[in-house]
Amino acid sequence: MTAYEQKLATIRRAIILDFLEKSREYTSNADILVHVINSTPDGVSAYFKDVVGDLRWLETKGYVTLSGNETVVAIATASGLRIARREDRDDGIARDIPGV
């Protein structure tokens, strides 16, 4: 992964956690998250496989729990919510999201 691709991944992960923090029961699915990322004015875009990869990364860090195969459902954990609220940080997740 290039430095540019890594930077995009950190921004996508931040967008995902921010959206989950604002979502009912802190829950969403990968298809919706693709739309959310692709609709941001910052120019970041993602494919389904990118979002699922980011969700798997977030799961390994303990920031989300995942379920489902065809429809991948993500629920933010307490740790993930702390990251979204800027109460904690992780170098793999952007702190500032330009244009969002």
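I began with the surface of this predicted model, and I noted that the accessible surface of the protein comes to about 5,800 Å², of which 49% belongs to carbon and sulfur atoms. For the interior, I found that 44% of the 100 residues of the protein count as buried, where buried stands for under 20% relative accessible area.

Next I looked up the elements, and I listed four helices and three strands in the protein, which follow one another from the N terminus as α-β-α-α-β-β-α. I then checked the radius of gyration, which is 12 Å and close to the 13 Å that the globule rule gives for 100 residues, so the protein is as compact as a globular protein of that length. I also wrote down the box that the C-alpha atoms fill, which is roughly 30 × 30 × 25 Å along the principal axes.

Turning to helix α2, which spans residues 30-38, I asked myself which of its residues are buried. I found A30, L33, V34, V36 and I37, and because they cover an arc of only 165° around the axis, they lie on the same side of α2. I then looked for what covers the buried residues of α2, and the cover includes α1 (3-22), β1 (27-29) and α3 (48-60).

For contacts in the protein between residues at least 6 apart in sequence, I noted that 55% join residues at least 24 apart. Last, I looked up the charges, and I recorded that the mean positions of the 13 positive and 15 negative charges are 3 Å apart.

Methods
Residues numbered from 1 in each chain as written. Predicted model: local features only at pLDDT ≥ 70, side-chain atom pairs only at ≥ 80, totals over all residues. Heavy atoms only, no water. Helix = DSSP H or I, 4+ residues; strand = E, 2+ residues; numbered from the N terminus. Rg over C-alpha atoms; globule rule 2.2 N^0.38 Å. Buried < 20%, exposed > 50% of the residue type's maximum accessible area, 1.4 Å probe, protein only. Contact = heavy atoms within 4.5 Å. Areas by Shrake-Rupley, 256 points an atom, 1.4 Å probe, with all protein chains shown as cover. Lys, Arg positive; Asp, Glu negative; His and termini not counted. Charge placed at Lys NZ, Arg CZ, Asp CG, Glu CD. Arc of directions from axis to C-beta.
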